[in-house]
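Hello,

Here is the structure I promised to pass on to you. Have a look at it first, and my notes follow below.

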Amino acid sequence: MFSPRLPSRFQKFVRVPADRVCEALRQTLSNAEEREEDSWKIFWAIVEGGIGTKVNLRIMPEGGVSSLSIGFSYRKPILILIGFLVAFVGLGVIFSPFLLLVGIPLVTALIYKIHLAVNRFLGSLNELLHGLETEYMREKLMEERSRWQRSPKDVSDLYRRLREKYIKMWGNTFALEYKINEYQRRGLTREEAIRKVADEEGIF
């Protein structure tokens, strides 16, 4: 069911360095204005088909991930909608109240058009960010696999030491197995996942 409420502000975290996110946005948002404010990279762009709706994208680097703040400005479309309403009210008073019945559906249709354009933009942005994450994770995995191959380890010994550490800290290995399974879902083998967790825990 259509809601007249328009999307306003969103926050996302992307597991990709900020410079990569910015480069992808430069290539995707052909009409964007770019500036820098403190540690934020800021992009302003017109939403295609949004009757003048603007989107503000703010990217903050946070280590190997990026914080992405997304906001929409509807100032221009709101002025256009108010102009339509005033015009139809004026014409309705001068000529016929029937014109008001024409104006209201037209304004509703314009709001619906803006809503569709914004949701289409958000869908494209999500696809772009997901693709960036997938590609970046694939590259990092290839780098780590190459490093692990150059420096082979006894995975059984690493797993034993990890188990001892987690049992000492938490009393069980649930958190350890969760991490291993999570890395396996991202494409690592179980042995690679154990190496990854061991690296993070400083067990070499």
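Helices here are DSSP runs of H or I with at least four residues, strands are DSSP runs of E with at least two, and both are numbered from the N terminus. Please keep in mind that this is a predicted model, in which local features need pLDDT of at least 70 and side-chain atom pairs count only at pLDDT 80 or more, while totals for chains, interfaces and linings use all residues. Residues are numbered from 1 along each chain as its sequence is written, and side-chain values use heavy atoms, with hydrogens and water left out.

First, the sheet. Its 5 strands form an open sheet in the order S1-S5-S4-S3-S2, with antiparallel pairing (two strands pair if DSSP finds at least two bridges between them). At the edges are S1 (9-14) and S2 (33-37), each pairing on one side only. On average, neighbouring strands are turned by 20° against each other, direction ignored (axes are lines fitted to C-alpha atoms, for helices over the stretch in contact, and angles run from 0 to 180 degrees between N-to-C directions). Between S3 (residues 40-46) and S4 (residues 54-62) there are 6 bridges in the antiparallel sense, and Ile-46 has Lys-54 in S4 as its bridge partner.

Now the helix. H1 (residues 18-28) lies across S2, S3, S4 and S5 (65-73), and runs at about 155° to S4. Ala-18 is part of H1, and it counts as buried because its relative accessibility is 12% (buried means under 20% relative accessible area, exposed over 50%, partly exposed in between, with a 1.4 Å probe and protein chains only). Leaving aside neighbours within four places in sequence, Ala-18 is in contact with Ile-59, Pro-61 and Ser-66 (contact means heavy atoms within 4.5 Å). Its C-alpha atom is separated by 8.1 Å from that of Ser-67, 49 residues apart along the chain.

Best wishes
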